[in-house]
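Dear colleague,

Please find below the sequence and the structure that I am handing over to you. My findings follow directly after them.

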Amino acid sequence: MKKYRGVFLKNEREIGLLREANRMVALILDELGRQVRPGLSTMACEEIVQKMCAEFKVKPGFQGLYGYPYALCCAVNEVIVHGFPSEECVLKEGDIVSFDMGVVYQGMNGDAARTFMIGEVSDEAARLVRVTEESLALGVAEARPGNDLYAISEAVQRHAEGAGFHVVRRFVGHGVGASLHEKPEVPNFVPAGRPGPPLKVGMVLAIEPMITVGTPEVEILDDKWTAVTKDRSLAAHWEHSVAILPDGPHILDLP
Ligand code: MG
């Protein structure tokens, strides 16, 4: 695989495999979106993911990676990312839940996340979910050759903060390919020092805004994984894996 400044540039065949891996992730997230309702436990969501991975004959991408025990990350309300599925965690009317998951298909990783609303949610929760999704779309639109990487970051940050929300800095997006987490980091805020690294054809980036109503500061719970907002305010998380091609960004996690 070719590299540019330490970043893998994928060829057409590799992007084809990444598209297939991410297509499966999109199908699984679609199914979770159909199934989520008040009364469903997040462990039941994990079981849906496990069953579909088995049907597709793919390995869950997160399970076992860095010691993470499950296929699915479930982030309910104040959880930002990396929440464990649990029998005790039962979704209820008014919750928001982000599902983040990946698969490995022929050695290539799919990775995507969406936030779902359970029944009727507060206006603020609905606005947070919508603005986070819009921030992702605006960031994706900047993922084109000729731009610098921080054009993505700036688009996400401007939209989220413009709506009065906050951007988590502790976690960032990333390159994705044969490894789930590759170079470069894709922050959802503009770090010091523009321009950032140039975007090149063949880069595949997981762009994933994590946006909060209150403080964007993170606390990690005793399980060493679950990341919550320090003030327990709501957080939302959306993620696409995006290939940078000559004509611009291509979202890979489409059904
Ligand atoms: Mg990711």
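E154 is partly exposed, with a relative accessible area of 29%; the classes used throughout are buried for under 20% relative accessible area, exposed for over 50%, and partly exposed in between, with a 1.4 Å probe and protein chains only. R194 also counts as partly exposed, at 40% relative accessibility.

Before going further, please note that this is a predicted model, in which local features need pLDDT of at least 70 and side-chain atom pairs count only at pLDDT 80 or more, while totals for chains, interfaces and linings use all residues. Residues are numbered from 1 along each chain as its sequence is written, and side-chain values use heavy atoms, with hydrogens and water left out.

Salt bridges

The side chains of E154 and R194 form a salt bridge, at 3.3 Å from N to O; the term stands for a side-chain nitrogen of Lys or Arg within 4 Å of a carboxyl oxygen of Asp or Glu. E154 lies in helix α4 and R194 in the loop between β10 (182-186) and β11, so this pair ties together parts that are 40 residues apart in sequence. Helices (H or I, at least four residues) and strands (E, at least two) are DSSP runs, numbered from the N terminus. A network of salt bridges links D148, E154, R158 and R194. The whole structure holds 12 salt bridges.

Two further pairs involve helix α1. R114 forms a salt bridge with D30, with 2.8 Å between the closest N and O atoms. This pair links distant parts of the chain, since R114 is in strand β7 and D30 in helix α1, 84 residues apart. R114 counts as buried at 16% relative accessibility, whereas D30 is partly exposed, with a relative accessible area of 24%. R23 and E20 meet in a salt bridge of 2.9 Å, N to O. These two residues are three apart in helix α1 and are therefore separated by about one helical turn. An α-helix has 3.6 residues a turn, so residues three or four places apart point the same way. R23 is partly exposed at 32% relative accessibility, and E20 is partly exposed at 22%.

Magnesium site

Which residues coordinate the magnesium ion? They are D111 (OD), H174 (NE2), E208 (OE) and E239 (OE), at 2.1 to 2.4 Å. Donors are N, O and S atoms within 2.8 Å of the metal (3.2 Å for Na, K and Ca); water is not among the atoms, so sites may look incomplete. Along the chain, the donors of the magnesium ion follow the spacing D-x62-H-x33-E-x30-E. D111, in strand β7 (residues 108-117), and E239, in the loop between β15 (235-237) and β16 (240-245), are 128 residues apart. Both D111 and E239 are buried.

Nonpolar cores

The largest nonpolar core has 31 residues, and those with the most contacts inside it are I96, L128, I152, F165, L199, L205 and I207. Such a core is a set of buried Ala, Val, Leu, Ile, Met, Phe, Trp, Tyr and Cys residues joined through side-chain atoms within 4.5 Å. Elements that give two or more residues to this core are β2 (7-9), α3 (123-141), α4 (150-162), β11 (204-207) and β16. The largest share, six residues, comes from α3. A second, separate core of 26 residues includes I48, A71, V76 and F99.

Helix α2 (residues 42-56) has 15 residues and reaches 21 Å from its first C-alpha to its last, close to the expected 21 Å; the expected span is 1.5 Å times one less than the number of residues. Its buried residues are T42, M43, C45, E46, I48, V49, M52 and C53. They pack against α1 (12-35), β3 (59-60), β4 (72-76) and β6 (96-105), where contact means heavy atoms within 4.5 Å.

Just after α2, K57 takes a positive phi of about 60°, and K57 is exposed, with a relative accessible area of 75%. Y66, in the loop between β3 and β4, has a phi near 55° and is exposed at 59%. Cis peptide bonds join K183 to P184, with omega about 0°, and R194 to P195, with omega about -10°. P184 is in strand β10, and P195 is in the loop between β10 and β11.
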